[in-house]
Amino acid sequence: TKKLKKLWTRYEQAKAEVKDLQSEFQGEKEDLLDTIRDQDRQIKLLSLIVSNFVPPEERSKVEKRAKWEDDLNEWIVQNPSTVGASTKRPVSAVTGAKRPS
């Protein structure tokens, strides 16, 4: 019976530990769900703003320039002047003419 009491005590301790882990897991789960709900609200707000204030052609231009960076875990939008364009300034059509000031 001494061995049975020892085993029973270990069983009760294991049961208590399982209960603690379950409550901890439940708390973490609720925190994650709250975060998801907050992010969903933010996405809906930003989507509403974009759909009401950004013209569709401008939105598509930005989408074409956007690139996902796995290392940074975020979207990067390239500057329009660096996307397929030369950074060299145009020269005057008249040879030797200075640019207007």
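**Salt bridges and fold**

Modeller: The count comes to 5 salt bridges, a salt bridge being a side-chain nitrogen of Lys or Arg within 4 Å of a carboxyl oxygen of Asp or Glu. This is a predicted model, where local features need pLDDT of at least 70, side-chain atom pairs count only at pLDDT 80 or more, and totals for chains, interfaces and linings use all residues. Residues are numbered from 1 along each chain as its sequence is written, and side-chain values use heavy atoms, with hydrogens and water left out.

Colleague: What is the mean pLDDT of the protein?
Modeller: The mean is 88, and 79% of the residues reach 70 or more; pLDDT is the predictor's confidence in each residue, from 0 to 100.

Colleague: How many helices and strands are there?
Modeller: There are 2 helices and 2 strands, in the order α-α-β-β from the N terminus. These are DSSP runs, at least four residues of H or I for a helix and at least two of E for a strand.

Colleague: Back to the salt bridges. What does Arg 37 pair with?
Modeller: Arg 37 pairs with Asp 34, the closest N and O atoms being 3.1 Å apart. Both lie in helix α1, 3 residues apart, about one turn of the helix.

Colleague: And which side chain meets Asp 40?
Modeller: That of Lys 44, at 3.5 Å from N to O. Lys 44 is exposed, with a relative accessible area of 56%, while Asp 40 is partly exposed at 37%. Buried means under 20% relative accessible area, exposed over 50%, and partly exposed in between, with a 1.4 Å probe and protein chains only.

Colleague: Arg 65 next. Buried or exposed?
Modeller: Arg 65 is buried yet has no salt bridge. The nearest side chain of opposite charge is Glu 58, 6.0 Å away; Lys and Arg count as positive, Asp and Glu as negative, and His and the chain ends are not counted. The side chain of Arg 65 does reach the backbone oxygen of Gln 78, at 2.9 Å.

Colleague: New topic: in what sense do β1 and β2 pair?
Modeller: Antiparallel, over 4 bridges; two strands pair if DSSP finds at least two bridges between them. Glu 69 has Glu 74 as its bridge partner in β2. The hairpin has 4 residues between the strands, and Asn 73 takes a positive phi near 60 degrees.

Note on methods
Polar contact = N/O pair within 3.5 Å; in protein donor to acceptor, adjacent residues only side chain to side chain.
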